[in-house]
Amino acid sequence: MTHPRLSSSLLSRAISISLLLLATLTASAQGQHKKMVQQPDTIPLLRGVSVSADLVGLGQMLWSDYGQYEAALRVNLKDKFFPIVELGIGKADADDVTTKLTYKTSAPYGRIGMDFNVMKNKHDDYRVYVGFRYGFTTFKFDVSGPPLSDPVYGGEAPFSYTGNKSTWHWLEGAAGVDARIWGPVRLGWSVRYRRRITASNPQIGQPWYVPGFGKAGGSRLGGTFNVVLEI
């Protein structure tokens, strides 16, 4: 027969060991739960704004018969989301040596969209973007060329159409990078894929060049090289 005092002592020890094991397991579980819970991002929503200028369009203006002056305003939200507005003036003054046609236009355009920083460390000085744009312009263009001969009645009729009005809407997919060079100065580039949504063209036909979009019958690919001032 077991002694009552001995049984009571064994029971007390068993209870103590059980409580100790329970406390150890509880503390371990809480520690693992803390590791699994991610710390919240405490940076402010508004991280700054930036203004930029595109050098590709400027180069086109200097070395070809069309191009654009373009600037952009971009807002930095948590180094992850970047709403952006791009505004510019597109110009063309082209002569086709084969057809002897001339084409002229000068008009403003605008784009609005969003870029997303896909870098794992979004607070790095380097950023990799993917994004989209919606573009819009309404403009007038002039087309002229040599006079046309009348094969029936003879004589010539002038070929000159001025003030032709057109309106274009399009979407762009964008991918690019930029990096901090010094202080608030950043440099970056982007590749664009453009797709026309709707367009209203005059009876004379589709324009040769669309401000902000580029050559109407050319490649859908384009690009920018930007000098950025971020504050």
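**Exercise 1.** Find which residues form a negative surface patch.

*Solution.* Asp-65, Asp-93, Asp-95 and Asp-96 form the negative patch (patch residues have over 30% relative accessible area and no salt bridge, with like charges joined within 9 Å). Asp-95 counts as exposed because its relative accessibility is 53% (exposed is over 50%, buried under 20%, partly exposed in between, with a 1.4 Å probe and protein chains only).

Before going on: this is a predicted model, where local features need pLDDT of at least 70 and side-chain atom pairs count only at pLDDT 80 or more, while totals for chains, interfaces and linings use all residues. Residues are numbered from 1 along each chain as its sequence is written, and side-chain values use heavy atoms, leaving out hydrogens and water.

**Exercise 2.** Work out which side chain meets Arg-127 in a salt bridge.

*Solution.* Start with Arg-127, in strand S5 (residues 126–149). Its salt-bridge partner is Asp-79, at 3.9 Å, N to O (a side-chain nitrogen of Lys or Arg within 4 Å of a carboxyl oxygen of Asp or Glu). Asp-79 is in the loop between strands S2 (66–77) and S3, so the pair links distant parts of the chain, 48 residues apart. Both residues are buried.

**Exercise 3.** Say where Arg-186 and Glu-230 lie.

*Solution.* Their side chains meet in a salt bridge (3.8 Å, N to O). Arg-186 is in strand S7 (residues 185–200) and Glu-230 in strand S10 (residues 221–230), so the pair ties together parts 44 residues apart in sequence.

Methods. Patches are made of residues with over 30% relative accessible area and no salt bridge: like charges are joined within 9 Å, nonpolar side chains (Val, Leu, Ile, Met, Phe, Trp, Tyr) within 5 Å. Accessible areas come from the Shrake-Rupley method with a 1.4 Å probe; for residues, only the protein chains shown count as cover. Lys and Arg count as positive and Asp and Glu as negative; His and the chain ends are not counted. The place of a charge is taken as NZ of Lys, CZ of Arg, CG of Asp or CD of Glu. Helices (H or I, at least four residues) and strands (E, at least two) are DSSP runs, numbered from the N terminus.
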